[in-house]
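Below is a short report on selected features of one structure.

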Number of protein chains: 4
Amino acid sequence: MSDEIMTQRLWTGDYYNEGTGRSDIFDTLKEECGVFGVFGHPEAASLSYYGLHALQHRGEESAGLCVTNGESFNYHRGMGLVKEVFDRDKLESLVGDRSIGHVRYSTSGDSRLTNAQPLIFKYRDGDLAVATNGNIVNAPKIRRELEQSGSIFQTTSDTEVIAHLIARSPKEFVEAAKDALRQLVGGFAFLLLTNDKLLVASDPNGLRPLTMGRLGDAYLFSSETCAFEVVGAESIRDIRPGELLVLDKNGLREERYAAPERKALCAMEYIYFSRPDSDLNGSNLHASRKRMGQVMAQESFVDADVVTGVPDSSISAAIGYAEQTGIPYELGLIKNKYTGRTFIQPSQELREQGVKMKLSAVRRVVEGKRVVMIDDSIVRGTTSRRIVNLLRDAGATEVHVRITSPPFKNPCFYGIDTPDRGELIASAKSVEEICKEINADSLQFLTPEGLIRAVGGDNQDDYKGGLCMACFDNDYPTRTDFDGEEKFGCTC
Amino acid sequence: MSDEIMTQRLWTGDYYNEGTGRSDIFDTLKEECGVFGVFGHPEAASLSYYGLHALQHRGEESAGLCVTNGESFNYHRGMGLVKEVFDRDKLESLVGDRSIGHVRYSTSGDSRLTNAQPLIFKYRDGDLAVATNGNIVNAPKIRRELEQSGSIFQTTSDTEVIAHLIARSPKEFVEAAKDALRQLVGGFAFLLLTNDKLLVASDPNGLRPLTMGRLGDAYLFSSETCAFEVVGAESIRDIRPGELLVLDKNGLREERYAAPERKALCAMEYIYFSRPDSDLNGSNLHASRKRMGQVMAQESFVDADVVTGVPDSSISAAIGYAEQTGIPYELGLIKNKYTGRTFIQPSQELREQGVKMKLSAVRRVVEGKRVVMIDDSIVRGTTSRRIVNLLRDAGATEVHVRITSPPFKNPCFYGIDTPDRGELIASAKSVEEICKEINADSLQFLTPEGLIRAVGGDNQDDYKGGLCMACFDNDYPTRTDFDGEEKFGCTC
Amino acid sequence: MSDEIMTQRLWTGDYYNEGTGRSDIFDTLKEECGVFGVFGHPEAASLSYYGLHALQHRGEESAGLCVTNGESFNYHRGMGLVKEVFDRDKLESLVGDRSIGHVRYSTSGDSRLTNAQPLIFKYRDGDLAVATNGNIVNAPKIRRELEQSGSIFQTTSDTEVIAHLIARSPKEFVEAAKDALRQLVGGFAFLLLTNDKLLVASDPNGLRPLTMGRLGDAYLFSSETCAFEVVGAESIRDIRPGELLVLDKNGLREERYAAPERKALCAMEYIYFSRPDSDLNGSNLHASRKRMGQVMAQESFVDADVVTGVPDSSISAAIGYAEQTGIPYELGLIKNKYTGRTFIQPSQELREQGVKMKLSAVRRVVEGKRVVMIDDSIVRGTTSRRIVNLLRDAGATEVHVRITSPPFKNPCFYGIDTPDRGELIASAKSVEEICKEINADSLQFLTPEGLIRAVGGDNQDDYKGGLCMACFDNDYPTRTDFDGEEKFGCTC
Amino acid sequence: MSDEIMTQRLWTGDYYNEGTGRSDIFDTLKEECGVFGVFGHPEAASLSYYGLHALQHRGEESAGLCVTNGESFNYHRGMGLVKEVFDRDKLESLVGDRSIGHVRYSTSGDSRLTNAQPLIFKYRDGDLAVATNGNIVNAPKIRRELEQSGSIFQTTSDTEVIAHLIARSPKEFVEAAKDALRQLVGGFAFLLLTNDKLLVASDPNGLRPLTMGRLGDAYLFSSETCAFEVVGAESIRDIRPGELLVLDKNGLREERYAAPERKALCAMEYIYFSRPDSDLNGSNLHASRKRMGQVMAQESFVDADVVTGVPDSSISAAIGYAEQTGIPYELGLIKNKYTGRTFIQPSQELREQGVKMKLSAVRRVVEGKRVVMIDDSIVRGTTSRRIVNLLRDAGATEVHVRITSPPFKNPCFYGIDTPDRGELIASAKSVEEICKEINADSLQFLTPEGLIRAVGGDNQDDYKGGLCMACFDNDYPTRTDFDGEEKFGCTC
């Protein structure tokens with residue numbers, strides 16, 4: 001008996017997203033960053049605290065905030081969650097009505113406090129703060145050129161290059177910023193703050209989400225609309241590809257620094273990253289994900305006894321699948337919500353004995369049942385295999401895996417931390433082979449067409465529904481190599 | 001516009017259950033405590049850490065653990081969550097193969113560290129540690145008598161009386177404990193530890209859950225089965241009413257200290273307290289709650305566009321209601337998961353401006369829709385009114401409230417912290433009046449019969465399905481007053 | 001060269017008294033405790049904070065404070081320094097005009113928070129708090145008797161027995177306290193607080209210092225007068241042997257519970273424990289210690305080039321010795337002031353390489369010089385040997401050690417933590433043998449007569465100058481064994 | 001009576017130097033910084049921990065350490081004391097055999113973590129770390145020029161300019177550093193670290209102390225020799241004015257980047273800043289300060305009953321004064337050693353009632369006595385007045401103030417934080433006027449000649465004894481204004 005119990009357990013490494021609980025079992029596909037800006041509200045720092053907190057799932061490693069009252073910068077950055085980095089005293093010391101804030105996810109060894117954003121610079125015209133989400137593909141090349149002509153850098157973050165480009169330009173600030181932005185290739189959302197102005201920019205393909213809201217007379221900017229809800233603000237519109245907004249004492253000025261190119265918003269924001277209560281392109285994401293489950297059910301129905309979703313990100317899709325098929329939705333998998341970074345890991349001995357920390361199958365729900373397990377993606381395949389086995393060990397007689405995205409085959413160059421192509425299981429293997437490897441009875445992926453249909457709305461007529469699906473189909477909207485060197489991952 | 005936004009927000013006080021997220025909007029019906037015991041495992045402290053963590057939703061105020069290797073006690077108690085109270089160094093210092101642990105919820109001003117359990121005593125025969133869940137109705141009377149004869153107390157916890165009763169008895173330990181237990185009236189689950197023995201006892205009605213598991217040769221005891229799952233243990237059976245288990249060097253001995261009375265397990269454990277992945281009386285609680293939603297749908301169908309549950313405790317029931325009615329289940333309400341005790345509360349100004357911390361309605365889901373809102377109970381009514389208004393302000397055209405328990409009319413004497421009868425809205429008002437007060441379009445409660453049916457299983461033939469439903473029907477299984485003084489609330 | 005440097009270093013274990021810096025090189029003779037009481041001041045808690053802080057050198061392990069406003073107790077205790085245990089919020093929550101506080105030094109494994117004083121009890125007549133300094137020689141005997149009749153204890157502190165004796169007495173509180181005090185044998189200073197009364201008591205020999213002060217209309221009580229200076233209070237008088245002060249709504253009542261016996265104030269308070277700016281029996285301690293140095297110079301002059309004192313406790317005596325002899329006082333030894341409990345200890349390798357943390361000889365001061373090294377006591381001799389070698393390695397040509405106390409030969413039964421008699425070097429060896437063992441060129445101790453003369457004042461005519469010198473001459477003022485069992489050390 | 005007590009108290013603001021205890025009553029003359037470098041020791045980080053700790057009195061605001069193993073930098077910086085900034089884990093992560101460390105005092109609002117040193121830069125040739133003590137008078141001018149040509153800065157610290165000057169130079173690193181150093185005017189000690197090399201430089205006047213030691217094969221560099229003693233190293237020699245030491249795989253190379261100018265070591269290092277167990281120019285500072293007291297006694301004897309020094313910095317001089325005059329040295333003033341940054345300040349009410357935190361007069365020592373009070377300097381005069389009044393209120397019949405430095409009349413441009421000239425009392429008033437203002441019976445300052453004589457040794461023949469006494473005589477060794485703008489204070 002105890003053997004059976006022991007193999008039933010799951011151990012999924014020590015990364016855990018306390019808030020969303022989503023990434024804990026996806027040990028490879030990590031969040032990027034989130035930005036939040038305020039212009040014209042006397043409690044800019046407090047608003048940002050709640051706003052950044054709503055974006056916490058986009059980055060849990062460090063948080064920062066830079067506020068100005070028009071005279072000078074007040075800022076604070078620290079390692080940890082928003083609620084750990086800021087306390088009441090710190091917020092009260094951040095006086096001003098304009099601010100930019102940032103939550104950061106970092107890939108590994110470079111998780112130094114000095115890389116925490118907003119980055120702050122002093123140059124000829126005064127102070128400059130920068131917060132960004134995304135990745136600049138040609139940053140290494142630009143950096144090398146700047147260093148050759150005597151620039152010194154404080155961080156390993158490529159975000160620093162935009163400050164140098166601006167400082168080196170003979171033009172005034174807004175024009176200098178436009179010149180600088182035009183030199184960058186990649187997917188990015190930028191907030192730039194001086195004591196006079198707030199600048200807001202999106203890359204020419206609109207790869208990363210960035211949206212505008214209003215609270216009374218104040219303008220707010222956020223990676224996701226859920227942050228507007230939390231602070232009681234009204235959602236206005238998304239920032240457009242190639243757009244540059246300038247906010248200063250004359251109010252808001254809508255400019256552009258580049259012609260818009262093909263609209264290509266990251267598909268993974270729909271599938272997995274953004275919060276279910278955020279809207280993308282005017283659609284609620286819980287609803288979109290439920291539609292993914294429904295389309296999935298149309299595309300690949302399977303007769304079964306229960307539908308269960310891998311918590312938390314696939315619950316919406318699982319409910320959609322259940323509704324469409326009439327198979328009941330059950331709580332077959334449960335996540336331990338308390339676990340977090342400070343949690344003590346079990347000893348090797350206890351781990352072998354079956355102490356499980358993050359995810360467990362609910363035996364009374366799945367025992368003797370044919371289970372449809374809904375998940376949002378398969379990266380390396382190891383996690384999927386573990387969850388399938390967890391269900392089998394708890395007595396599931398069949399496990400049918402349904403993935404609400406197409407096979408993930410290519411690395412992302414625009415801010416999502418993905419493993420090398422060689423580690424992406426879908427890059428090398430067929431669906432049948434993956435099915436076998438993860439020990440499932442059947443496996444189906446959502447088709448690209450199904451994904452576009454589920455995302456739906458006014459995107460339908462756009463090229464590929466206005467989505468970047470390069471990770472599925474290798475069709476990248478920008479150049480991706482410079483000096484023969486590919487750079488993927490996350491800049492911030 | 002801003003008026004509308006402002007009234008749309010919810011502010012629910014500063015209590016928050018970080019783990020379950022359940023009690024944050026029920027500002028009056030609080031958890032009781034949880035206990036976890038180990039006998040015969042070399043890593044008793046580490047197992048208890050994971051076990052208590054799985055019971056964290058039963059008490060977030062303090063945590064404690066007492067371990068013995070047969071020679072002497074090692075113990076640690078602290079204010080806060082399990083993961084805050086213990087670190088690796090502390091766990092490693094708690095050497096021994098037997099232990100009792102406790103998580104505690106406390107009612108208010110008495111949240112002193114000195115009340116944190118396990119309580120530790122030194123008496124004639126050595127060391128004694130006690131951990132309990134429940135309430136001893138006649139504790140004040142016993143305490144007065146003890147004080148009159150010269151006893152001094154260290155805590156305000158009534159748990160201390162059992163130690164005095166044992167210390168005063170001329171009999172040996174097990175018999176002294178039986179004598180002591182026989183003097184207690186109420187609902188309680190006790191773990192008592194000496195350097196020689198572990199004693200496990202349940203009150204004669206089995207009011208509070210307490211269950212036994214095995215891990216290899218070790219015996220485990222827990223308030224809920226979910227803690228066994230987490231540590232890889234097998235669930236064996238529930239402790240029986242009036243039973244006293246004795247574990248010592250001779251192994252497990254099953255005794256009783258009192259004849260069992262009417263079986264009366266707390267109905268609110270089914271409805272609200274226990275974790276959805278725990279089993280009670282052999283039934284999975286997610287499944288039981290889903291059945292409550294289904295029975296509810298049969299009892300009080302209403303035509304609507306969406307079903308939504310108040311997170312997190314009513315999600316299961318909402319899905320059941322949706323399945324039964326065919327009305328789609330949607331994410332109409334969302335809870336902010338990061339919020340916790342350390343979170344900074346917004347200023348009065350920001351609060352008025354609409355900063356909402358814990359619960360928000362998802363406008364795109366409920367706007368223009370007729371909504372069925374599933375919740376598990378109504379205590380004072382204020383919270384329900386807020387949530388209904390939240391949905392209305394987000395555009396819901398109708399809000400139909402369905403409560404998966406009968407009206408809550410009477411205080412609990414067995415460990416649940418309830419307000420005075422005068423504050424219980426169902427005690428004074430009719431369902432129609434409550435419906436009006438909470439601003440709902442319709443309101444229905446689950447019937448007692450429906451509840452028993454949903455809980456189901458082998459309980460069906462027991463008196464009232466083996467449940468204590470005194471809070472609904474005023475039929476208390478024990479005496480409730482002594483010296484003319486009623487004592488309700490939680491002993492631990 | 002490096003060999004010479006390496007042997008020049010000193011490593012003195014990991015105990016360090018951050019405040020006084022005194023005990024760091026006396027690894028065996030440890031402080032006892034300190035008490036501070038307030039009656040009748042609206043800011044009793046804040047006064048106690050500063051008062052206990054001034055007594056910090058008497059106990060660095062834990063600190064505690066219990067305050068009452070006449071209605072109920074507010075208290076807080078914690079491990080660490082006064083400034084670590086209390087913060088502004090905690091002080092502000094301790095509302096009341098009467099209080100007793102405590103700083104505690106503990107001997108070892110028993111340093112549990114539960115032993116931190118004031119101890120708090122609940123008994124028939126309400127709440128009782130107790131703070132004490134000293135040792136009750138017959139506490140184990142009393143405790144055994146209490147346990148036999150059913151008492152349970154929460155701590156390992158013998159202070160708890162007085163609470164049980166009071167609770168068991170049929171008399172009213174003050175008389176019950178007198179009865180209880182009469183049963184105790186030893187050296188002790190007691191503060192007892194109820195919601196009505198503050199009781200202040202000293203043992204019949206006045207072994208432990210306890211003194212009274214006034215601040216406006218309030219009465220203050222403290223182990224040392226330095227705490228009065230810090231809070232701006234006036235010093236009034238010492239508590240007399242066998243005295244019991246009762247403070248309540250009728251003001252101060254001076255009573256006694258026992259006839260005074262031979263006055264016997266601890267000589268080590270003069271020599272070493274009390275702060276140099278405190279007064280004992282009306283004499284300033286810096287001045288007393290300087291006189292010890294002067295008398296020492298008269299008793300045992302030696303021709304030398306420099307006089308240096310072992311910091312910090314022997315600086316006063318060294319200056320006295322220098323003044324009397326005309327040999328210049330120099331800074332031959334220096335202590336590193338930052339070191340404290342949180343300081344990282346060097347690795348074994350670095351320690352061997354000469355990293356020294358606490359004390360170093362100043363080469364330019366002692367090189368080529370004949371040095372008189374003044375110290376206050378020799379316990380085991382190991383530390384003295386290290387310091388002598390330190391001076392030699394820094395180039396001293398001769399080292400003459402002068403100790404400002406008689407040889408320490410017997411353990412203390414009244415609150416000072418001393419090693420067993422077998423470890424006291426003076427118990428087994430002659431002065432010549434000790435001189436050889438510590439590698440000094442000459443060694444002299446102050447005579448008992450010289451000590452009495454230096455302490456001086458109105459004590460001269462008392463038996464032994466009113467001092468307890470049992471650690472020097474084995475003449476204990478009380479019985480020291482009960483049931484054939486000796487108990488020495490510190491009760492608190 | 002209480003009036004008298006109330007005026008007797010001292011309140012000296014909330015700055016306190018926990019380690020030296022010296023600056024707590026000089027609310028205006030603040031420490032500068034300290035540097036510590038290691039080349040060639042496998043435990044460079046641990047050595048630096050102890051070394052920086054020994055230099056803690058030179059800067060308590062932040063501490064930092066950058067270590068390299070020849071491949072890459074590991075560094076850590078934080079706000080607080082050395083023992084707070086580093087723990088064992090951090091030290092163990094700082095692997096390498098070469099390091100530079102820094103403790104920083106900062107003047108006020110600019111106490112940001114980003115200014116904590118060592119500063120770290122990335123430039124064309126790799127990584128560069130810089131730690132400095134002192135002030136660069138022409139830094140603002142250089143910075144403006146750099147910004148005009150496109151440089152961006154991360155800190156407000158002028159130390160950053162040297163990194164930019166090096167990064168902009170077309171020459172290789174050592175030559176680029178020499179060029180850069182030649183452009184700087186001021187008083188400074190520099191440590192520069194790359195993965196290949198450690199550079200050590202002193203300004204052409206040798207204004208700031210910087211000294212070299214050896215530990216086995218390793219070279220150490222420190223602001224003061226006391227840090228060598230602590231780690232068991234041998235003191236070798238001071239770094240010479242205009243010298244540049246280069247340490248790399250070829251060992252130590254002694255070069256210069258500028259011709260030495262007039263030797264002008266800061267006189268305040270002798271009088272007040274450096275630790276008494278450090279050597280400056282081969283003389284022990286306790287001995288030097290004692291000689292200052294002796295020379296003072298010869299220059300301005302006064303008949304009195306006791307001599308007392310303001311702790312801790314003037315104890316040595318007071319003993320010298322006492323020895324020379326035969327007037328006994330007594331402990332007339334005592335400092336509370338526990339007080340620190342975390343200490344709670346008394347409420348206004350308690351302060352008025354006489355709670356004193358830092359310094360108190362010992363009544364039994366000074367009552368009815370004529371007191372000579374030795375202090376090291378008078379800056380604004382307010383503190384001196386407070387201490388004189390403290391002594392008078394404790395009963396001193398006469399207070400004669402003797403200051404062991406000439407009148408402080410001019411601001412420092414080389415790293416000491418001084419108030420504006422207008423606030424320096426000696427700048428505007430005569431000695432008689434100051435005497436009156438501080439309420440003394442007599443006041444005398446040490447003469448410049450007396451100071452030189454006391455400092456003594458081989459400096460006697462140098463111009464002004466090799467000292468910078470600009471703060472006394474306005475004779476600055478360098479230019480002090482650029483672009484018409486004076487810059488004084490501290491660069492680091």
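Contact here means heavy atoms within 4.5 Å. This is a predicted model, in which local features need pLDDT of at least 70, side-chain atom pairs count only at pLDDT 80 or more, and totals for chains, interfaces and linings use all residues. Residues are numbered from 1 along each chain as its sequence is written, chains are lettered from A and ligands numbered from 1 in the order in which they are written, and side-chain values use heavy atoms, with hydrogens and water left out.

## Annotated cysteines in chain A

An unreviewed UniProt entry lists A:Cys266, A:Cys412, A:Cys468 and A:Cys471 under "binding site". They are spread over 206 residues of sequence but cluster in space, with a largest C-alpha distance of 10.0 Å. UniProt positions follow the numbering used here, feature names are shortened, and annotations may be inferred rather than shown by experiment.

A:Cys468 is found in strand 23 (residues 467-468) of chain A; helices (H or I, at least four residues) and strands (E, at least two) are DSSP runs, numbered from the N terminus. Leaving aside residues up to four places away in sequence, A:Cys468 touches several residues, including A:Cys266, A:Arg262 and A:Tyr414. A:Cys412 lies in the loop between strand 21 (398-403) and helix 15 (425-428) of chain A.

## Sheet in chain B

Chain B has an open sheet of 6 strands in the order 5-6-7-8-12-13, with antiparallel pairing. Two strands pair if DSSP finds at least two bridges between them. The edge strands, strand 5 (119-123) and strand 13 (251-256) of chain B, each pair on one side only.

Strand 8 (residues 198-202) and strand 12 (residues 243-248) of chain B pair in the antiparallel sense over 4 bridges. B:Val200 stands opposite B:Leu245 in strand 12 of chain B.
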